[in-house]
Amino acid sequence: MSDRIEAASPQALADLVGAEATGDWLLIDQARVDAFADATGDHQWIHTDPERAAAGPFGAPIAHGYLTLSLLPGLLKDLIAIGGLAMSVNYGLDRLRFLQPVPVGSRVRAAVRLASADATPRGVRAGYAVTVEIEGAAKPALVAETITLYVPA
């Protein structure tokens with residue numbers, strides 16, 4: 001595994017299919033969970049009420065699944081570097097699964113593998129296999145196949 005998936009241009013990604021990278025740990029604290037709850041209007045007690053959540057099914061407050069998903073751009077930003085771009089666009093997700101809740105106070109990181117790089121009339125559509133790991137946990141928080149469209153400059 002390397003520190004990042006790096007290509008001089010979107011077209012050069014085709015030669016890197018199979019490349020992998022793993023990022024740094026990020027703390028999921030209650031302030032982040034509360035800010036996400038405020039942004040989305042999802043104030044369910046399992047996320048935002050530490051006292052009640054401690055007696056609940058997970059034994060502690062947990063991050064929203066969609067919070068974990070929404071961290072992908074930040075978790076991946078230092079792992080993928082593509083030169084010669086006019087822009088990159090989130091194209092979608094395939095096979096997203098939330099496998100385990102993320103307890104508040106734990107740390108997560110992304111592991112990514114370039115699964116595909118296909119030329120299109122607008123640029124290169126890249127597919128990534130992404131896993132968000134929880135430090136010390138046997139199962140990851142989520143797995144997803146993300147798709148990014150890279151438009152060359």
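Contact is defined as heavy atoms within 4.5 Å. By this criterion, residues 24 or more positions apart account for 69% of the contacts in the protein with a separation of 6 or more. The model is predicted, so that local features require pLDDT of at least 70 and side-chain atom pairs count only at pLDDT 80 or more, while totals for chains, interfaces and linings use all residues. Residues are numbered from 1 along each chain as its sequence is written, and side-chain values use heavy atoms, with hydrogens and water left out.

The protein contains 5 helices and 8 strands, taken as DSSP runs numbered from the N terminus (helices H or I, at least four residues; strands E, at least two). Along the sequence, the elements follow the pattern β-β-β-α-α-α-α-α-β-β-β-β-β. Of the 153 residues in the protein, 37% are buried, where buried means under 20% relative accessible area, exposed over 50% and partly exposed in between (1.4 Å probe, protein chains only).

Strand S8 (residues 142–152) is largely enclosed by the rest of the structure, because 8 of its 11 residues are buried. Strand S5 (residues 85–98) pairs with S8 in the antiparallel sense over 10 bridges, pairing being assigned if DSSP finds at least two bridges between two strands. In this pairing, Arg 97 stands opposite Val 143 of S8. Strand S7 (residues 123–134) is also paired with S8 in the antiparallel sense, over 9 bridges, and Thr 146 in S8 is the bridge partner of Tyr 128.

Ala 8 lies in the loop between strand S1 (5–7) and strand S2 (20–22) and counts as exposed at 69% relative accessibility. Beyond residues up to four places away in sequence, Ala 8 touches Gly 83 and Gly 84.
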